[in-house]
Amino acid sequence: MALAPDPSYHAQVPGRQLFYAGDWLAAQERLAGDLARASFALGRLEGAVAALPAEARAGAVTRLALIEIEAMLWAQGLPLRREEIGRDLMEARAGADLEAMRLARWGLRRLEGQGDPGDLRVFLGLHRAEVAGLDDRLAARPTGRDFDAAAAEFQAMAAGLSGVAPLARAPALRVLWRLCGLSGPEVLAEPAVWTARAMAEGCEALRFVPLGRHGRGVWVDGGTPVERMARQLAAAAAGAVDAGHELARVAGWQARALAAVARIKGDNPARVVRALAAHPILSAAMLEEATGISRDTAERLLARLRDLGLAREITGGRRFRLWVLAG
């Protein structure tokens with residue numbers, strides 16, 4: 001999707017003249033109970049993810065990241081379903097919305113943990129330009145040294161929010177992001193992804209704080225600092241609960257699937273079940289690499305799981321097929 005130029009980026013009022021960190025500190029004081037509930041929900045989710053084996057933990061983060069980026073893109077008006085995102089990322093199909101897939105690919109990798117949020121140029125995947133002003137009137141955001149100045153202003157003002165808990169400061173950071181013009185006016189996903197990572201400060205297993213469908217109420221937001229922060233904390237608490245339910249759903253599926261394949265001779269069926277539970281989307285080649293079983297055996301066992309109603313193929317083809325768990 002082409003982004004319209006925003007002339008306001010070229011004659012901005014300095015953000016510090018429009019933003020007062022004390023308003024957000026006062027809001028946090030009023031919402032101490034909401035912050036405690038959201039922090040408790042996030043702590044439970046962090047514990048659940050941390051308890052998973054390494055491969056399953058990485059898969060869980062990717063699974064939650066696909067759900068999150070799907071919700072962000074839909075909120076931005078770029079409707080891509082999570083399976084389509086995963087499928088296009090693995091197949092590189094030419095028929096996808098290129099802008100939507102660019103944001104999906106970038107957002108998924110960042111939510112999985114790539115990129116340093118402290119380096120905004122690198123985090124956003126921007127090429128460094130040493131000069132500014134060459135095409136600023138056509139740009140959706142500042143370029144060159146102008147972007148570096150905007151990023152420095154953002155970081156300086158964000159430092160004033162150090163007394164606000166990471167979970168609670170996200171709406172203030174999104175306000176600052178817009179004031180500093182770090183993204184084009186139509187781009188919701190970039191500040192949403194950055195704040196999702198910033199909220200997870202202190203977490204070890206989680207790379208971001210999932211809001212899921214509840215994020216739509218805060219990514220496009222308005223109102224007073226208290227109103228914005230209250231919606232943010234409610235979304236964080238509800239998102240953490242939903243993410244926990246998703247992990248429980250996968251664990252329940254794995255238990256049912258292991259019971260269903262117990263009658264099949266050998267260890268390979270159980271290996272396939274565990275691999276499918278650990279990866280949101282799986283190909284026979286990935287299964288071969290993850291388990292050491294042959295490609296033919298992998299294809300045969302995936303088809304067996306499909307016949308048992310435990311797996312679903314999402315490409316509809318005969319070759320290079322991709323599988324997800326079913327039920």
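**Entry 1: confidence.** I started with pLDDT, as one does with a predicted model. The protein averages 87, and 87% of its residues reach 70 or more. Helix α2 (residues 32-50) has the highest confidence, at 98, while helix α4 (residues 82-91) has the lowest, at a mean of 73. I then noted the stretch at residues 1-13, where the pLDDT is below 50; the model still gives this stretch 30 contacts beyond near neighbours in sequence. Residues 130-138 also stay under 50, with 16 contacts beyond four places in sequence.

**Entry 2: α8 and α9.** How do the axes of these two helices cross? I found that helix α8 (residues 166-180) and helix α9 (residues 189-199) have axes that come within 9 Å and cross at roughly 150 degrees. Angles over 145 degrees count as roughly antiparallel, so α8 and α9 get that label. Their crossing is right-handed. From α8, the contact takes in P166, L167, A170, L173, R174, W177 and R178; from α9 I listed E190, P191, W194, T195, A198 and M199. Sorted by class, that makes nine nonpolar residues, three charged and one polar.

**Entry 3: M72.** Next I looked up M72, which sits in helix α3 (residues 54-75). Is M72 buried or exposed? Its relative accessibility is 0%, so M72 counts as buried. Setting aside neighbours within four places in sequence, I see M72 in contact with L188, A189, A192, V193, A196 and W219. I also checked M72 against A104: the two are 32 residues apart in sequence, and their C-alpha atoms are 9.1 Å apart in space.

Notes:
Residues are numbered from 1 along each chain as its sequence is written. This is a predicted model: local features need pLDDT of at least 70, side-chain atom pairs count only at pLDDT 80 or more; totals for chains, interfaces and linings use all residues. Side-chain values use heavy atoms; hydrogens and water are left out. Axes are lines fitted to C-alpha atoms, for helices over the stretch in contact, and angles run from 0 to 180 degrees between N-to-C directions. Helices (H or I, at least four residues) and strands (E, at least two) are DSSP runs, numbered from the N terminus. Angles under 35 degrees count as roughly parallel, over 145 as roughly antiparallel, 65 to 115 as roughly perpendicular and the rest as oblique. A crossing is left-handed if the near helix is turned anticlockwise from the far one by less than a right angle, and right-handed if clockwise. Contact means heavy atoms within 4.5 Å. Ala, Val, Leu, Ile, Met, Phe, Trp, Tyr, Cys and Pro count as nonpolar, Asp, Glu, Lys and Arg as charged, and the others, Gly among them, as polar. Buried means under 20% relative accessible area, exposed over 50%, partly exposed in between (1.4 Å probe, protein chains only). pLDDT is the predictor's confidence in each residue, from 0 to 100.
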